[in-house]
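Colleague: I would like to learn how to read a protein model, one feature at a time. Please show me the structure, and then I will ask about its parts.

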Amino acid sequence: MTPNELNSPGYDIPDDMKNVVAITTLDKIYNFGRRSSVWPLMFGLACCAIEMIAAQASRYDLARFGMEVMRPSPRQSDLMLVAGTVTKKMLPAIVRLYNQMPEPKYVIAMGACASGGGPFKEGYNVVAGIDKYLPVDVYIPGCPPTPQALVYGLIKLQEKIDGQSLKQVRWYQKGADSVEVPIPMLGPDLIDPRRIPEIKTKAAELAAAATIPNAE
Ligand code: SF4
């Protein structure tokens, strides 16, 4: 957001006041603060994380976006950058970290693996996209995406934040503060607790179909 965009409340400011006062809306000034200090959670899952680290170094310098402070604690983070292959074993930990982040929080799926499983999509141990469990705000394609692609994805996230309004976003409404994502259970395979009733119904159907009636 440029200073001109920030200083545009939607009605004309008299010429003689234009360079003296700044008038904006609460949404704009508030979003300007949020989008300029998005703190990513510091964790990486696989090769994409190397590109994420490169984006933080001096050549690309995410300090320009106010995003250079990668927090080691989910309690202080606004952004989960899922950078790498999401394995079934790792997923419960990722969802738990997401639940521990305060609202408003955002998720970026960086790379083919985080977006849809990537080259390991049919693998026995790989989740075919983090969006099966967490709400993703921006997808960044590539295997791996370049640091430039990550920077572009972060700019897209900033544009999304710019478009949000205090009156409409879920986390400022009365009632539930944060939506907790059920933590998947790792057994012989991964189970999403939201699907347990469906799984039980299907199991009962299969059990009934497998019952062989007594042949006389
Ligand atoms: S998308 Fe490619 S580079 Fe990124 S984690 Fe998967 S295999 Fe590695």
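Colleague: Which residues of β1 lie on one side and which on the other, and are they buried or exposed?

Modeller: Keep in mind that this is a predicted model. In β1, L79, L81 and A83 point to one side, while M80 and V82 point to the other, and all of them are buried. Counted along the strand, five of the five residues of β1 are buried.

Colleague: How do I read the sheet that β1 belongs to, and what is the order of its strands?

Modeller: The general idea is that strands of a sheet pair through backbone hydrogen bonds, either parallel or antiparallel. Here the sheet is open and has three strands in the order β1-β2-β3, with parallel pairing. β1 and β3 are at the edges with a single partner strand each, so one side of each has no neighbour in the sheet. From one strand to the next, the twist averages 15°.

Colleague: How many bridges join β1 to β2, and how many join β2 and β3?

Modeller: β1 and β2 are joined by five bridges, and β2 and β3 by three. In β2, I108 stands opposite L81, and the bridge partner of I108 in β3 is V138.

Colleague: Which strands does α3 touch?

Modeller: α3 packs on the sheet and touches β1 and β2. The direction of α3 makes about 130° with that of β1.

Colleague: How do I find the core, and how many residues does the largest nonpolar core have?

Modeller: In soluble globular proteins, nonpolar side chains tend to be buried together. The largest nonpolar core here has 38 residues, and those with the most contacts inside it are L81, V82, V86, I108, A109 and M110. Among the elements that give two or more residues to this core are the strands β1, β2 and β3, and the helices α3 and α6. To see one member in detail, take A109: beyond its neighbours within four places in sequence, its contacts include V82, I130, V136 and I140.

Colleague: Which residues are around the ligand?

Modeller: Among them are C47, C48, C113 and C143, along with G84, T85 and P144. α5 gives the most to this shell, with three residues. By class, the shell has eight nonpolar, four polar and no charged residues.

Colleague: What should I look for in the backbone itself?

Modeller: Most residues other than glycine have a negative phi, and most peptide bonds are trans. In this model, the peptide bond from E103 to P104 is cis, with omega near -10°, and P104 is in the loop between α4 and β2. Another cis peptide bond joins C143 and P144, with omega about -5°. P144 sits in the loop between β3 and α6. D61 is not a glycine, yet its phi is positive, at about 55°.

Colleague: Where is D61 placed, and how many other C-beta atoms are within 10 Å of D61?

Modeller: D61 is in the loop between α3 and β1. There are 13 other C-beta atoms within 10 Å, so D61 is partly exposed. S73 lies in the loop between α3 and β1 too. S73 has 11 C-beta neighbours inside 10 Å and therefore counts as exposed. S73 and L97 are 24 residues apart in sequence, and their C-alpha atoms are 8.7 Å apart in space.

Conventions: Residues numbered from 1 in each chain as written. Predicted model: local features only at pLDDT ≥ 70, side-chain atom pairs only at ≥ 80, totals over all residues. Core = buried A, V, L, I, M, F, W, Y, C linked by C-beta atoms within 7 Å. Buried ≥ 20, exposed ≤ 12 C-beta atoms within 10 Å, placed from the backbone. Helix = DSSP H or I, 4+ residues; strand = E, 2+ residues; numbered from the N terminus. Contact = placed C-beta atoms within 7 Å. Near = placed C-beta within 6 Å. Nonpolar A, V, L, I, M, F, W, Y, C, P; charged D, E, K, R; others polar. Pairing = 2+ DSSP bridges. Axes fitted to C-alpha atoms, helices over the stretch in contact; angles between N-to-C directions.
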